[in-house]
Amino acid sequence: MIDSRILVGLLAILIAVSGVVFIGIGEADRRVEFEEAFHGRSIEEGAALYTEYCAECHGLHGEGSPRAPVLNSKDFFENRVQDLGFQGGLEAYIKLTVAGGRQIKENPQYPENMPTWSTDFGGPLRNDEIDNVVAYIMNWQAEAPDLEAMAAAEPTPVPGDTPAERGANLYQGLGCVACHIINGEGGAVGPELTNVYEKGEDYIKESILMPNAVLSEGYQGNIMPQNFGDQLSDDDLNDIVAYFQSLVEGQ
Ligand code: HEC
Ligand code: HEC
């Protein structure tokens with residue numbers, strides 16, 4: 001039998017230890033909370049500083065301007081420091097650039113130099129304020145737009161080797177076939193187009209771009225979509241005309 005005093009002692013130790021552990025857990029939680037709150041405040045203060053000092057050149061949301069490069073882009077967050085061969089990480093890179101500015105422009109397209117901001121170098125911002133601005137910029141990372149992918153997402157070229165083939169594909173793809181008959185195929189909402197080339201290129205283009213301007217005899221306006229002009233380039237339009245031409249000339 002264990003002496004009951006020892007038991008009481010053990011229990012007391014157990015309770016004490018669990019109490020410490022409990023306080024310890026609470027402490028860790030509170031520290032996380034505190035750090036999150038601190039980080040949140042830092043971003044908020046950084047936002048205000050950014051708006052006041054940086055937005056006029058880099059844009060209100062880091063979208064860039066003729067005076068300074070884009071900061072809010074996937075490419076900047078993921079590739080910039082590697083591209084430069086800078087070893088210290090992006091946060092450090094931003095901090096150094098902001099603190100010291102750029103005495104020598106890397107890119108001559110910008111009219112002014114990136115100014116010096118740190119009070120260490122005669123600028124207006126304390127280093128803790130620069131940390132806040134950096135925290136604000138880093139906060140864009142999660143949703144930074146992929147500008148390169150957006151630029152690459154140009155309309156895919158219309159398939160076809162000759163203008164007439166591309167025109168035929170456009171004719172199908174844009175749904176013209178639903179309303180017009182060519183060689184016995186298609187819908188009869190609008191006039192048959194098998195021989196429409198004989199009416200002339202300008203007439204055809206105008207009929208496509210501004211269907212209501214010249215109404216085909218016996219047909220009503222506002223049935224043919226009025227917005228093909230927004231979807232078709234000049235080349236597309238010429239390709240469609242080439243398609244109509246091939247129908248009458250049997251090319
Ligand atoms: C007078 C216009 C101007 C202002 C104001 C300005 N910048 Fe710049 N910034 C520039 C220019 C120009 C460059 C590019 C310099 C170069 O070509 O090397 C630049 C570059 C940078 C870069 C490096 C970008 C990269 O792709 O390497 C960062 C980061 C930056 N600025 C942050 C800031 C922050 C933060 C502020 C506000 C505290 C600020 N800038 C205010 C003009 C400005
Ligand atoms: C929703 C039905 C509809 C669609 C889709 C449509 N059209 Fe039409 N189209 C018409 C109607 C109706 C007319 C006659 C009234 C007019 O001129 O607007 C017409 C007229 C024309 C004319 C003039 C024909 C003539 O003999 O005067 C041409 C050329 C033409 N369409 C080409 C096209 C092309 C090319 C497309 C596809 C890019 C297209 N249309 C899509 C309904 C349509």
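Biologist: Which helix gives the most to the shell around ligand 2?

Modeller: Helix α8, residues 201-209, with three residues. Helices here are DSSP runs of H or I with at least four residues, strands are E runs of at least two, and both are numbered from the N terminus. The model is predicted, so local features need pLDDT of at least 70 and side-chain atom pairs count only at pLDDT 80 or more, while totals for chains, interfaces and linings use all residues. Residues are numbered from 1 along each chain as its sequence is written, and chains are lettered from A and ligands numbered from 1 in the order in which they are written.

Biologist: How many residues surround ligand 2, and which are the closest?

Modeller: The count is 26, and the closest are Cys176, Cys179, Gly190, Ser216 and Met224. A residue is taken as near if its C-beta atom, placed from the backbone, lies within 6 Å of the molecule.

Biologist: How does that shell divide by class?

Modeller: Around ligand 2 there are 19 nonpolar, six polar and one charged. Ala, Val, Leu, Ile, Met, Phe, Trp, Tyr, Cys and Pro count as nonpolar, Asp, Glu, Lys and Arg as charged, and the others, Gly among them, as polar.

Biologist: And which residues are closest to ligand 1?

Modeller: Cys54, Cys57, Glu106, Tyr110 and Met114, out of 24 residues that surround ligand 1. The elements giving two or more residues to that shell are α2 (55-58), α3 (74-84) and α4. By class, the ligand 1 shell holds 14 nonpolar, three polar and seven charged residues.

Biologist: Switching to packing. At what angle do α4 and α5 pack?

Modeller: About 130°, with the axes of α4 (residues 90-100) and α5 (residues 127-138) 10 Å apart. Axes are lines fitted to C-alpha atoms, for helices over the stretch in contact, and angles run from 0 to 180 degrees between N-to-C directions. The two helices are therefore oblique to each other. Angles under 35 degrees count as roughly parallel, over 145 as roughly antiparallel, 65 to 115 as roughly perpendicular and the rest as oblique.

Biologist: Which residues make the contact?

Modeller: On α4, Glu91, Ile94, Lys95, Val98 and Ala99; on α5, Ile130, Val133, Val134, Ile137 and Met138. Contact means C-beta atoms, placed from the backbone, within 7 Å. The α4 and α5 contact has eight nonpolar, no polar and two charged residues.

Biologist: What about α7 and α10, how do their axes cross?

Modeller: At roughly 100°, coming within 7 Å, with α10 spanning residues 234-249. That makes α7 roughly perpendicular to α10. Among the residues that meet are Pro163, Arg166 and Tyr171 in α7 and Asp236, Ile240 and Tyr243 in α10. This contact has eight nonpolar, three polar and three charged residues.

Biologist: Backbone next. What is the phi of Asn183?

Modeller: About 45°, positive although Asn183 is not a glycine. Most residues other than glycine have a negative phi. Asn183 sits in the loop between α7 (163-173) and α8.

Biologist: Is Asn183 buried or exposed?

Modeller: Exposed, because Asn183 has 9 C-beta neighbours inside 10 Å. With C-beta atoms placed from the backbone, 20 or more others within 10 Å means buried, 12 or fewer exposed, and in between partly exposed.

Biologist: Where is Asn222 found?

Modeller: In the loop between α8 and α9 (228-231).

Biologist: How many helices and strands are in the protein?

Modeller: 10 helices and zero strands. Buried residues make up 15% of the 251 residues.

Technical notes: Contact = placed C-beta atoms within 7 Å.
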